[in-house]
Structure formats: C-alpha cells, structure tokens
Amino acid sequence: MSKTLPQAKPGILDIQAYVPGKSKAPNPAIVPVKMSSNENALGCSPAALAAFQDAGGRLSRYPDSTNADLRAAIANHYRLEPERLVFGCGSDEIFALLNQVYLEPGDNIVMGQFGFAAYAIGARACGGEVRYADEPKLTTHVDNLLALVDERTKLVFFANPSNPTGTILSDEEVRRLHAGLPGNVILVIDGAYCEFSRAPGFSDGIDLARTADNVVVTRTFSKLHGLAALRVGWAYAPEPVVAALDRIRLPFNVVLPGQDAAIAALADQDFQDRSLALVEQWRPWLTQQLGGMGLDVIPSEANFVLVGFPKAPDARSAGAAEAYLADRGWIVRGVKNYGLPDHLRITIGLEPHNRAVIEALSNFMKAKP
Ligand SMILES: Cc1ncc(COP(=O)(O)O)c(C=O)c1O
C-alpha cells in the first residue's frame, strides 16, 4: 500500500479561498446588522417568499433540469432568445463553468486589479494564469485590460458596476473593450449590480451581447431580488457557449424552490422598485455624510459604497473603524483581500441602520488621532 497522501493538483493550495462578508459581531450579546455582503436590506419579494414556501410541498422532487419556466420568464422579461440562456447555482457557478470550459493549463484570464475574486479562483482551479490590469481611480481600465491580452487569453472578466469599487464603465468604453479583443476571447460582463446604476451612458451589456459571438452577460437574483440564499444566477450567451456550459454543469444546479421564487421575484415590479428607491435615496446620503467626515468616498453606482480611511497605523484607519463598528453590532466589509487595506465597503441598508452607522463612524472619527 502506498504511503503517500492524496495530493491536490498543482496550484490548488496556492489559491486563496473566497472571503465572504462577516455576519457575526465580536460580542455575542449583540444581534448584529449585516452590511457586509451587498444583500437586499428589504429582504425579498413577498410573492417570491410565498413561491418558496409553496415549493416546500415538493421537496421530494428533483428540480427541472432545463429550468424551462424560469427560462421562459427571463426570456420574456428581457426579450431574449430562450435557447441562449444558461443557469447556475448563483452567477458564481457560471464564472466557474466558463473557466472550466475554456481554460487549459497555461491559458490566462484578464481582469481588473480590484475585480471580483471568484473569477480568479475558478481560473486558478483550472491551471490558468490570472492577469490583473491596473485600475487607476479604482475603475475598470479598457487599455490596461487590452494590453494584457495575448494568444493564450481565453476570457476577460469585469463587473459593471464593479465590486468592491462600485464604479462603472460606460457603454461606449465597454464596446471599445469588445472591439479591441480577438474574436476567440470571451468578454464576460458581470451584471450582478447593473440594475442599481442609472448613470447616463451606462448599459447592462445585453444589447452588445445580442449581436456578438463572444460576449457573455451574467446576472443574479441575489442582489436586486434579495434571493441570495437560493443561489440563482443566469447568463445570456452565444449558443455555442451555452451548449458547452450545459454539457458540464451539474444537472440539477438550480434548486426547485429557487426556480419558483425567482419566477415570482421577476414578476414583482413593486418590490424591485422599492429596492431601487432605497438605494437611490440612501446612496447619495451616505456618500455625502461620509465625505463630510473627511473620508474618501468612491462615487458608487451599486448598492454599496466604498470608503477610504487614513492609512494605518492612524487610529482612524479602516481596520480600526471596522472593529469599532463591529463592537457596536454594525458589520461592514474590510476589503484588504482585494488589495484595499485602507477601505471599507458598506452595503446600503434601511434608514435607521444607515443613520446609526453614520453616527457611529462620526463618533469614531472624532476620536483623537
Ligand atoms: C461582482 C459580483 N458578481 C457576482 C456575484 C455573485 O453573485 P451570486 O450570488 O449570483 O453568485 C457577486 C456577489 O457578491 C458580486 O459581487
């Protein structure tokens, strides 16, 4: 019998596991308010909840592997060809599938310096190299991305708006990025937060994807629709891409209650409007209040704001602020793992929570340096 132990493939143990937003406060006596994972502060649509509960009566059944009803609902809602949709256990799974389908060891993906960590994890798991393009001004930079593309590049990933920065790329810039890519490189436009941007010149990328052979737009029910627990994501992609992803995805990757709740959520315009209104009301207020404290707030187009603090070891550093808020039950997101040790990301919450976080931070900032 061999004495050697099972070995992970080369590179696997060099991967830094995804760091989710914290959900616990250091003091167990405090019920914390989580503003660390860009979830929907309003919860989810009552109709989606009812559909989820109704699905409880069918838990012995496998879900529909083809997602036929959800597919039809999304196709109808966004006027898309149903056969060009592919579904995932969250949009996270779609990034992983894209990497698995297109990357051979030694191939590379290109993404922004502060881009969403899941793209890189999936690429590394396939033996791919991850190339990070500088993001001056914390914004996706078209020329820097294009400069890293070579004959072994298979995928270019970016989120619009981006996480954790909250910044956007205009439709014109996205089209310039696409025009600069060779036809065999897939441009992945991650629209997890796209509904939250109303900026002039912004587009969710779907119109570009309608006519391009190498554009994939991903979407999620986790943010606007408040169904993060159910893990429902989808992509609009060229048919050959869909055909490839569908071959390797797990057959029942979207759970039955998730499919039903997502259909109901999509039809609940009132809940979507209320969710957008909450962000539109409190994002400028938080931006202004944080700026008023002398902090460096990055103008956001998403349901969170990224805010820069004085550099550590200043007593008012981001790390000290995160701990100060956590002690009081306000959980925000340190983004050291994104290479932003002096920033915190705060998800837009309900009015009393937004006001309380600002009050706590204002007290924190008044502390003697
Ligand atoms: C930019 C971005 N893309 C994708 C996701 C993942 O979404 P899902 O819940 O659909 O996997 C997130 C989640 O935080 C995100 O921030």
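**Ligand shell**

I looked up the shell around the ligand by class: four residues are nonpolar, seven polar and two charged. Ala, Val, Leu, Ile, Met, Phe, Trp, Tyr, Cys and Pro count as nonpolar, Asp, Glu, Lys and Arg as charged, and the others, Gly among them, as polar. I noted 13 residues around the ligand, the closest being Gly-90, Asp-92, Asn-163, Thr-220 and Ser-222. A residue is near if its C-beta atom, placed from the backbone, lies within 6 Å of the molecule. Helix 3 (residues 90-102) gives the largest share of this shell, three residues. Helices are DSSP runs (H or I, at least four residues), numbered from the N terminus.

**Model notes**

The model is predicted: local features need pLDDT of at least 70, side-chain atom pairs count only at pLDDT 80 or more, and totals for chains, interfaces and linings use all residues. Residues are numbered from 1 along each chain as its sequence is written.

**Helix 2 and helix 9**

I then checked helix 2 (residues 68-78) against helix 9 (residues 256-267). They pack at about 20°, with axes 9 Å apart. Axes are lines fitted to C-alpha atoms over the stretch in contact, and angles run from 0 to 180 degrees between N-to-C directions. Helix 2 is therefore roughly parallel to helix 9 (angles under 35 degrees count as such). The contact includes Leu-70 and Ile-74 of helix 2 and Ile-263 and Leu-266 of helix 9; contact needs C-beta atoms, placed from the backbone, within 7 Å. I classed the contact as six nonpolar, two polar and one charged residues.

Definitions and conventions
Helices (H or I, at least four residues) and strands (E, at least two) are DSSP runs, numbered from the N terminus. Angles under 35 degrees count as roughly parallel, over 145 as roughly antiparallel, 65 to 115 as roughly perpendicular and the rest as oblique. Two residues are in contact if their C-beta atoms, placed from the backbone, lie within 7 Å.
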